[in-house]
Amino acid sequence: AKVVSSLLKHSAGSALVKQGETKILAATTVQIGQPHPEIPDHGDVIVSVTTTTTTNDQSHSDYLQSWLQRMLDGLLPPKLVLKTGKACIRLVMTVLILQADGNLHDVTLTACMAAWKDTKLPTMDDLIEHQGKLWWKDSPITSLATVHESKTDYRVSLTMGVLEKDGKALFLVDPTGEESPYVDGFLTVVVTLPRQLIQYEYSGSIALTATDMVLASRMAVGRAEELSRIL
(Lines give C-alpha, C1' and ligand atoms only; values in the text may rest on other atoms or scores of the structure.)
Protein backbone atom coordinates (compact mmCIF):
# COMPACT_ATOMS: atom_id res chain seq x y z
CA ALA A 1 0.00 0.00 0.00
CA LYS A 2 1.08 3.57 -0.68
CA VAL A 3 0.15 6.17 1.97
CA VAL A 4 0.32 9.95 1.51
CA SER A 5 -0.70 12.08 4.50
CA SER A 6 -1.56 15.76 5.08
CA LEU A 7 -3.07 16.32 1.64
CA LEU A 8 -5.98 18.55 2.65
CA LYS A 9 -5.23 21.92 4.22
CA HIS A 10 -8.72 22.50 5.60
CA SER A 11 -9.02 19.30 7.61
CA ALA A 12 -7.65 18.24 10.97
CA GLY A 13 -5.93 15.28 9.31
CA SER A 14 -6.02 13.48 5.98
CA ALA A 15 -4.53 10.58 4.08
CA LEU A 16 -4.69 9.08 0.61
CA VAL A 17 -4.11 5.33 0.38
CA LYS A 18 -3.64 3.36 -2.84
CA GLN A 19 -3.43 -0.41 -2.95
CA GLY A 20 -3.59 -2.05 -6.34
CA GLU A 21 -6.22 -0.11 -8.26
CA THR A 22 -8.22 0.83 -5.15
CA LYS A 23 -7.77 4.43 -4.04
CA ILE A 24 -9.25 5.89 -0.83
CA LEU A 25 -9.15 9.39 0.65
CA ALA A 26 -9.92 9.84 4.36
CA ALA A 27 -10.13 13.12 6.28
CA THR A 28 -10.97 14.12 9.84
CA THR A 29 -12.74 17.25 11.00
CA VAL A 30 -13.09 18.39 14.60
CA GLN A 31 -16.36 19.27 16.30
CA ILE A 32 -17.68 19.71 19.83
CA GLY A 33 -19.89 16.78 20.76
CA GLN A 34 -21.69 15.41 23.78
CA PRO A 35 -20.10 12.43 25.57
CA HIS A 36 -22.05 9.26 26.21
CA PRO A 37 -23.42 9.15 29.78
CA GLU A 38 -21.52 5.91 30.46
CA ILE A 39 -18.16 7.45 29.43
CA PRO A 40 -18.47 11.15 30.39
CA ASP A 41 -14.73 11.78 29.97
CA HIS A 42 -14.37 10.35 26.46
CA GLY A 43 -14.62 11.83 22.99
CA ASP A 44 -16.30 10.06 20.12
CA VAL A 45 -15.99 9.47 16.38
CA ILE A 46 -18.51 9.45 13.54
CA VAL A 47 -17.73 7.76 10.21
CA SER A 48 -19.20 8.78 6.86
CA VAL A 49 -18.51 6.89 3.61
CA THR A 50 -19.20 8.32 0.16
CA THR A 51 -18.15 7.15 -3.28
CA THR A 52 -17.37 8.64 -6.68
CA THR A 53 -17.57 5.24 -8.36
CA THR A 54 -20.57 3.72 -10.10
CA THR A 55 -19.60 0.14 -9.24
CA ASN A 56 -19.93 0.58 -5.47
CA ASP A 57 -23.67 0.54 -4.72
CA GLN A 58 -25.19 2.43 -1.78
CA SER A 59 -26.01 -0.71 0.21
CA HIS A 60 -22.35 -1.74 0.11
CA SER A 61 -21.28 1.76 1.16
CA ASP A 62 -23.69 1.61 4.10
CA TYR A 63 -22.29 -1.76 5.20
CA LEU A 64 -18.71 -0.49 4.85
CA GLN A 65 -19.59 2.62 6.87
CA SER A 66 -21.10 0.48 9.64
CA TRP A 67 -18.02 -1.77 9.67
CA LEU A 68 -15.62 1.17 9.87
CA GLN A 69 -17.67 2.69 12.67
CA ARG A 70 -17.23 -0.53 14.67
CA MET A 71 -13.51 -0.58 13.93
CA LEU A 72 -12.97 3.01 15.11
CA ASP A 73 -15.29 2.96 18.12
CA GLY A 74 -13.34 2.45 21.30
CA LEU A 75 -9.98 3.48 19.82
CA LEU A 76 -10.26 7.14 20.78
CA PRO A 77 -7.96 8.18 23.64
CA PRO A 78 -9.90 8.84 26.85
CA LYS A 79 -8.76 12.42 27.47
CA LEU A 80 -10.74 14.25 24.81
CA VAL A 81 -13.20 15.67 27.31
CA LEU A 82 -13.87 19.41 27.24
CA LYS A 83 -16.34 19.48 30.12
CA THR A 84 -17.08 16.25 31.97
CA GLY A 85 -20.46 14.86 31.01
CA LYS A 86 -21.33 17.88 28.84
CA ALA A 87 -18.87 18.39 26.01
CA CYS A 88 -16.12 16.41 24.29
CA ILE A 89 -14.08 16.47 21.13
CA ARG A 90 -15.87 14.69 18.29
CA LEU A 91 -13.89 13.51 15.30
CA VAL A 92 -15.81 13.15 12.04
CA MET A 93 -14.04 10.70 9.73
CA THR A 94 -15.07 11.19 6.11
CA VAL A 95 -14.06 8.42 3.72
CA LEU A 96 -14.21 8.98 -0.03
CA ILE A 97 -13.91 5.99 -2.36
CA LEU A 98 -12.11 7.45 -5.37
CA GLN A 99 -11.47 4.17 -7.15
CA ALA A 100 -12.66 0.68 -6.23
CA ASP A 101 -11.09 -2.57 -7.40
CA GLY A 102 -11.72 -4.90 -4.48
CA ASN A 103 -10.36 -5.05 -0.93
CA LEU A 104 -12.27 -1.99 0.28
CA HIS A 105 -12.29 -3.07 3.93
CA ASP A 106 -8.51 -3.13 4.29
CA VAL A 107 -7.77 -0.01 2.26
CA THR A 108 -10.47 2.16 3.88
CA LEU A 109 -9.38 1.10 7.37
CA THR A 110 -5.75 1.88 6.54
CA ALA A 111 -6.81 5.31 5.22
CA CYS A 112 -8.76 6.00 8.42
CA MET A 113 -5.80 5.03 10.60
CA ALA A 114 -3.40 7.15 8.54
CA ALA A 115 -5.74 10.16 8.71
CA TRP A 116 -6.17 9.52 12.43
CA LYS A 117 -2.41 9.58 12.98
CA ASP A 118 -2.20 12.81 10.96
CA THR A 119 -4.94 14.51 12.99
CA LYS A 120 -4.14 17.70 14.88
CA LEU A 121 -6.35 18.98 17.68
CA PRO A 122 -7.01 22.50 18.97
CA THR A 123 -5.66 23.38 22.39
CA MET A 124 -8.00 23.72 25.33
CA ASP A 125 -6.87 27.37 25.63
CA ASP A 126 -8.84 28.13 22.46
CA LEU A 127 -12.16 27.36 24.19
CA ILE A 128 -14.70 29.84 25.51
CA GLU A 129 -18.02 29.22 27.27
CA HIS A 130 -21.05 31.27 26.25
CA GLN A 131 -24.67 30.76 27.33
CA GLY A 132 -23.89 27.36 28.76
CA LYS A 133 -22.19 26.11 25.59
CA LEU A 134 -18.53 25.65 24.69
CA TRP A 135 -17.12 27.24 21.56
CA TRP A 136 -13.72 27.59 19.93
CA LYS A 137 -12.60 31.17 19.59
CA ASP A 138 -11.83 30.45 15.95
CA SER A 139 -12.69 27.63 13.62
CA PRO A 140 -10.99 24.48 14.96
CA ILE A 141 -9.42 24.08 11.54
CA THR A 142 -7.64 27.44 11.80
CA SER A 143 -6.81 27.19 15.49
CA LEU A 144 -4.96 23.89 15.35
CA ALA A 145 -1.90 24.17 17.52
CA THR A 146 -0.63 20.79 18.63
CA VAL A 147 -0.05 17.47 16.96
CA HIS A 148 -2.06 14.81 18.73
CA GLU A 149 0.36 11.99 19.52
CA SER A 150 -1.97 9.42 20.98
CA LYS A 151 -0.72 6.32 22.74
CA THR A 152 -3.95 4.56 21.89
CA ASP A 153 -4.30 1.40 19.85
CA TYR A 154 -4.92 1.32 16.13
CA ARG A 155 -6.29 -1.35 13.83
CA VAL A 156 -5.16 -2.94 10.57
CA SER A 157 -7.01 -5.63 8.65
CA LEU A 158 -6.13 -8.26 6.07
CA THR A 159 -8.86 -9.66 3.83
CA MET A 160 -8.45 -12.97 2.03
CA GLY A 161 -10.66 -14.73 -0.45
CA VAL A 162 -11.23 -18.37 0.50
CA LEU A 163 -11.23 -21.12 -2.13
CA GLU A 164 -11.47 -24.89 -1.83
CA LYS A 165 -9.10 -27.34 -3.50
CA ASP A 166 -9.04 -31.07 -2.77
CA GLY A 167 -11.11 -30.49 0.35
CA LYS A 168 -8.73 -27.90 1.75
CA ALA A 169 -9.05 -24.13 2.10
CA LEU A 170 -6.75 -21.88 0.09
CA PHE A 171 -6.31 -18.17 0.79
CA LEU A 172 -6.19 -15.47 -1.88
CA VAL A 173 -4.75 -12.35 -0.24
CA ASP A 174 -6.04 -8.92 -1.30
CA PRO A 175 -8.58 -10.15 -3.88
CA THR A 176 -9.22 -7.68 -6.70
CA GLY A 177 -12.58 -6.80 -8.15
CA GLU A 178 -12.04 -9.32 -10.97
CA GLU A 179 -11.00 -12.10 -8.57
CA SER A 180 -13.70 -11.59 -5.93
CA PRO A 181 -16.61 -13.24 -7.83
CA TYR A 182 -14.65 -16.50 -8.06
CA VAL A 183 -13.94 -17.07 -4.37
CA ASP A 184 -16.21 -19.08 -2.08
CA GLY A 185 -16.06 -16.60 0.82
CA PHE A 186 -14.03 -13.90 2.53
CA LEU A 187 -12.01 -13.95 5.75
CA THR A 188 -11.07 -10.59 7.27
CA VAL A 189 -8.58 -10.66 10.14
CA VAL A 190 -8.40 -7.45 12.18
CA VAL A 191 -5.26 -6.85 14.26
CA THR A 192 -5.28 -4.28 17.05
CA LEU A 193 -1.79 -2.92 17.68
CA PRO A 194 0.42 -2.77 19.64
CA ARG A 195 -1.22 -5.54 21.70
CA GLN A 196 -1.78 -7.76 18.64
CA LEU A 197 -5.37 -8.53 19.59
CA ILE A 198 -7.01 -10.46 16.75
CA GLN A 199 -10.61 -10.78 15.64
CA TYR A 200 -12.07 -12.65 12.68
CA GLU A 201 -14.96 -12.00 10.33
CA TYR A 202 -15.74 -14.85 7.94
CA SER A 203 -18.43 -15.29 5.32
CA GLY A 204 -18.24 -18.59 3.48
CA SER A 205 -19.32 -22.22 3.46
CA ILE A 206 -15.86 -23.80 3.54
CA ALA A 207 -14.91 -25.11 6.98
CA LEU A 208 -11.72 -23.54 8.28
CA THR A 209 -9.40 -25.53 10.54
CA ALA A 210 -7.33 -24.28 13.46
CA THR A 211 -4.27 -24.51 11.20
CA ASP A 212 -6.02 -22.28 8.64
CA MET A 213 -6.78 -19.68 11.31
CA VAL A 214 -3.21 -19.69 12.62
CA LEU A 215 -1.87 -19.16 9.09
CA ALA A 216 -4.34 -16.34 8.46
CA SER A 217 -3.42 -14.73 11.78
CA ARG A 218 0.29 -14.83 10.99
CA MET A 219 -0.28 -13.20 7.62
CA ALA A 220 -2.46 -10.51 9.19
CA VAL A 221 0.10 -9.72 11.90
CA GLY A 222 2.77 -9.51 9.20
CA ARG A 223 0.63 -7.06 7.24
CA ALA A 224 0.00 -5.02 10.40
CA GLU A 225 3.72 -4.82 11.20
CA GLU A 226 4.45 -3.83 7.59
CA LEU A 227 1.86 -1.03 7.63
CA SER A 228 2.96 0.19 11.08
CA ARG A 229 6.22 1.28 9.47
CA ILE A 230 4.51 3.51 6.90
CA LEU A 231 1.47 4.79 8.79
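These legends go with a set of close-up views of a predicted model.

**View 1. Helix α2, tucked inside.** Here we zoom in on helix α2, which covers residues 104–118 and so counts 15 residues. From its first C-alpha to its last, α2 reaches 21 Å, close to the 21 Å expected at 1.5 Å a residue.

**View 2. A four-stranded open sheet.** Which strands make up this sheet, and in what order? There are 4 of them, lined up as β12-β11-β13-β14, and the pairing is antiparallel. The edges belong to β12 (168–173) and β14 (197–204). Each of these two has a single partner strand, so one side of each is left without a neighbour in the sheet. Neighbouring strands of the sheet are turned by 30° against each other on average, ignoring direction. As a reminder, strands of a sheet pair through backbone hydrogen bonds, either parallel or antiparallel.

**View 3. Strand β11 and its two partners.** Now we move in on β11, residues 154–165. With β12, β11 pairs in the antiparallel sense over 6 bridges. Two residue pairs to look for here are G161, whose bridge partner in β12 is L172, and E164, which stands opposite A169 in β12. The link between these two strands is a hairpin, with 2 residues between β11 and β12. Check D166 in that turn: D166 has a positive phi of about 55°. Strand β13 (residues 185–193) is also joined to β11, this time by 9 bridges, and the two run antiparallel. On this side, V162 stands opposite G185 in β13.

**View 4. Salt bridges across the chain.** The structure holds 4 salt bridges, and this view takes in two of them, R90 with D44 and R70 with E201. In general, side chains of opposite charge can pair when their charged atoms come close. The side chains of R90 and D44 meet at 2.8 Å, N to O. This pair links distant parts of the chain, with R90 in strand β6 (residues 87–99) and D44 in strand β4 (residues 44–51), 46 residues apart. For R70 and E201, the closest N and O atoms are 3.3 Å apart. R70 lies in helix α1 (residues 58–72) and E201 in strand β14, so the pair ties together parts that are 131 residues apart in sequence. R70 itself counts as partly exposed, at 42% relative accessibility.

**View 5. The D118–K120 salt bridge.** Here the side chains of D118 and K120 meet in a salt bridge, at 3.8 Å from N to O.

View 6. To find L7, go to the loop between β1 (2–5) and β2 (13–19). L7 is partly exposed, with a relative accessible area of 40%.

Notes: Residues numbered from 1 in each chain as written. Predicted model: local features only at pLDDT ≥ 70, side-chain atom pairs only at ≥ 80, totals over all residues. Heavy atoms only, no water. Expected span 1.5 Å × (residues − 1). Buried < 20%, exposed > 50% of the residue type's maximum accessible area, 1.4 Å probe, protein only. Pairing = 2+ DSSP bridges. Axes fitted to C-alpha atoms, helices over the stretch in contact; angles between N-to-C directions.
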